[in-house]
Amino acid sequence: MGQIATFAFDQKKHYLAQMTESLIKTRLMNKAVGYLGRYATSQNRLREVLERFALRKLNKHNPDKIAAAIGATVNRCLTLGYLNDDAFAQTQARSHRQQGRSKINIRQRLRQHGLDDTLIDAALKEADKHSADGELLAACRFARRRGLGPFDPQKYVDAKGREAVMQRQQRQLGSLARAGFSMSVSQTVIGLQDMDAAEMLLDQLEQGEDPTV
C-alpha cells in the first residue's frame, strides 16, 4: 500500500472524528484533480502523490480509512477517464523517442511510474510503428541534440591527428552507450560521413524507409 502502510501511528492514539469519510474523500479528490490538471501520470504515481498528501494533511485520522479513501479516489479517477495507463505509457514513449532516448532509458523511466513490462513493450512498439528502425532513429536524434558524430562541429575542423580523432570518437561512443544505445547502433551513428548523410538517414527513418535498401 506504499507509504500509508508505513505510517508511524500510535495504535492507542485517539483519531479525530470530526472529519467524515465523505469529507476525506472530497479532499483527496480535490488533490487528485489538481495534480492531474497539471501533470499526466499513472495510477501508481497518483497513488503515491495522494499518500504523501495524506501524510502531511490527514495524519490525524485513521490510516485504514485513509488508505481505503485513497483507493476509492484512484478508482474514481479511472472511471471518469482521468487516468489511463495505456495512453500515458504511449504518450511518454513517443515523447521520449522524439527526444532521442533509447529503449533501455525509456523502460527505466516508465518503470518508475509503476508500469509493467507488457504495457511498456506495447508503448514502445506504438512509438516506433512509423519508423524502419526506432532505436537508430532515436540515436540519431540524440547525437543531433548532443552534437555528436556528424553533428559535431569539431569534426569538420582540421584534425589534430588520427589519435586525437579516435579519442574523440571513443568519448562520443561512450556518451551513446551511457544513454542506453548498443555498440552497433552507436558505431553506425558516429560513423556517418557528414551532416548531410546524417540528415538523409534521419529523413529515411522518419518516413519509414529502410535505409539498407
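Okay, a salt bridge here means a side-chain nitrogen of Lys or Arg within 4 Å of a carboxyl oxygen of Asp or Glu. By that rule the count comes to 11 salt bridges. Before I go on, this is a predicted model: local features need pLDDT of at least 70, side-chain atom pairs count only at pLDDT 80 or more, and totals for chains, interfaces and linings use all residues. Residues are numbered from 1 along each chain as its sequence is written, and side-chain values use heavy atoms, with hydrogens and water left out.

So, E135 and R97. Their closest N and O atoms are 2.8 Å apart. This pair links distant parts of the chain, with E135 in helix α7 and R97 in helix α4, 38 residues apart. Helices, by the way, are DSSP runs of H or I, at least four residues, and strands are runs of E, at least two, numbered from the N terminus. Buried or exposed, this E135? Buried, at 15% relative accessibility, and R97 is buried too, at 3%. The cut-offs: buried is under 20% relative accessible area, exposed is over 50%, partly exposed is in between, using a 1.4 Å probe and protein chains only.

Now compare R45 and E48, at 3.3 Å, N to O. Both sit in helix α2, residues 43–57, three residues apart, about one turn of the helix. E48 is partly exposed, at 28%. Then there's E126 with K129, closest N and O atoms 2.8 Å apart. E126 is partly exposed at 28%, and K129 is partly exposed at 49%.

On to the nonpolar cores, meaning sets of buried Ala, Val, Leu, Ile, Met, Phe, Trp, Tyr and Cys residues joined through side-chain atoms within 4.5 Å. The largest has 21 residues, and L136, L176 and F181 have the most contacts inside it. Two or more residues each come from α7 (134–146), α8 (162–178), α9 (183–190) and α10 (195–206). Which element gives the most? That's α7, with seven residues.
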